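Welcome, and thank you for opening the viewer. Let's take a short walk through the model, one selection at a time.

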Amino acid sequence: MSAPPLAVRRGTRSRRAFTWAGIVVVLIVAGTIGALLASSLQWSGRERLDPESAGPDGARALARILTQHGVDVHVVRDREDAHETLATAPATLVLPDSAYLSDETFLGLADAAAGVVVLEPRSRGVRLLFDGRVEGYGDDAPVPPDCALPAARRAGPIAVGAAFGADAAGCYPVGDEYGLVWAERPAGRAVAVDGTVLFTNDRLAADGNAALAVNLLGERGRVVWFVPTITDSDGADAATLGELTPAWVSPAIVLLICAAAGTILWRGRRFGPLVRERLPVTVRGSETTRGRAHLYAETRDAAHAAAVLRRGATGRLGRMLGLPATADATAVADAVAARLGRAGGDVHGILHLDRPRTDRDLVILARRLNDLETALTSALRPGKETR
């Protein structure tokens with residue numbers, strides 16, 4: 001066989017060169033677009049209740065509402081800046097109970113403010129400010145304030161998050177605990193309320209959450225919103241990991257990355273031959289169930305997982321009542337409510353109306369579905385319960 005013409009070889013080389021040039025251009029363009037998107041979506045990497053985060057767990061909406069009401073909001077990310085800002089004029093300090101802050105630093109900031117509101121209270125902060133601790137968690141139903149605190153009385157009922165037991169005045173009673181505790185301290189009033197379920201961007205519009213937040217934080221017309229970082233910890237001045245490692249470690253890491261990239265380009269130029277597989281493939285039901293469960297857990301799609309749970313529960317309830325397979329959730333809910341003598345709105349909420357948003361809501365829905373099946377089984381076949 002004769003060798004290919006020179007023009008053909010040159011054409012092949014040119015096509016390969018253009019192919020690699022195209023790959024490089026695509027990588028550069030993709031990297032540029034990714035950098036632009038990352039810079040425009042900085043909120044995705046911020047902490048929960050960050051006043052500059054527009055994500056579901058952020059608090060940008062609350063910060064803007066305060067500004068619209070004439071409240072001067074100062075966002076500080078360093079404890080020294082927080083002390084300096086508090087020293088200029090009386091202000092309400094938004095103070096998270098962060099693990100970055102020691103007990104002394106936490107109390108020092110609280111004492112430097114004319115008033116302090118702890119939006120992410122943990123047992124440490126409640127103990128230091130109110131001689132109490134976090135005792136439990138509230139229900140989904142809104143609770144009236146039932147206290148003398150003007151900010152809470154004007155806001156009205158809310159669905160509280162964490163409940164506190166403390167030697168202090170409380171609002172929004174949940175059993176023997178309170179969803180909000182407050183006390184007058186020498187420096188000013190201190191308040192603790194679980195803002196992670198009340199004042200985030202996705203929950204602020206519910207019940208009286210926005211009114212409570214504005215009343216608590218905007219009382220003095222000036223807010224210092226402190227967002228601590230790891231540099232605020234007492235050990236921030238210690239030697240860093242980079243200072244403790246030898247000087248050759250960083251160049252060695254860069255060399256390994258380059259070697260890995262070269263290996264990928266060398267050995268990953270093309271896919272190998274296709275592998276034929278006889279179909280259908282038998283997969284165990286337990287493996288499929290666990291696989292789907294892992295996917296639901298990774299995606300954190302509570303609404304989709306709730307729809308799957310409801311679909312299965314609705315089918316089982318319909319079969320227990322002898323309803324046709326075409327019966328929808330509304331018909332099944334009406335039949336279950338009539339058989340159990342329960343309010344139709346309650347059963348409809350369980351089977352298709354209530355919308356869970358968090359993993360906690362999903363767990364509560366699963367329990368309510370199981371309780372509904374147990375109650376129907378007991379009504380139809382006394383002495384037997386669903387497993």
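Start by selecting Arg 153: beyond its neighbours within four places in sequence, it is in contact (heavy atoms within 4.5 Å) with Pro 145, Cys 147 and Ala 148. Before going on, note that this is a predicted model, where local features need pLDDT of at least 70, side-chain atom pairs count only at pLDDT 80 or more, and totals for chains, interfaces and linings use all residues. Residues are numbered from 1 along each chain as its sequence is written, and side-chain values use heavy atoms, leaving out hydrogens and water.

Arg 153 sits in helix H6, residues 150-155; helices here are DSSP runs of H or I with at least four residues, numbered from the N terminus. Its relative accessibility is 56%, so Arg 153 counts as exposed (over 50% relative accessible area, with a 1.4 Å probe and protein chains only).

Next, select H2 (residues 60-68) and H7 (residues 209-217), which pack at about 60° with their axes 10 Å apart. The axes are lines fitted to C-alpha atoms over the stretch in contact, and angles run from 0 to 180 degrees between N-to-C directions. Show the side chains to see Leu 62, Ile 65 and Leu 66 of H2 meeting Ala 213, Val 214 and Leu 217 of H7.

Finish at H10, residues 285-299: its 15 residues reach 21 Å from first C-alpha to last, close to the 21 Å expected at 1.5 Å a residue (1.5 Å times one less than the number of residues).

Technical notes:
Helices (H or I, at least four residues) and strands (E, at least two) are DSSP runs, numbered from the N terminus. Buried means under 20% relative accessible area, exposed over 50%, partly exposed in between (1.4 Å probe, protein chains only).
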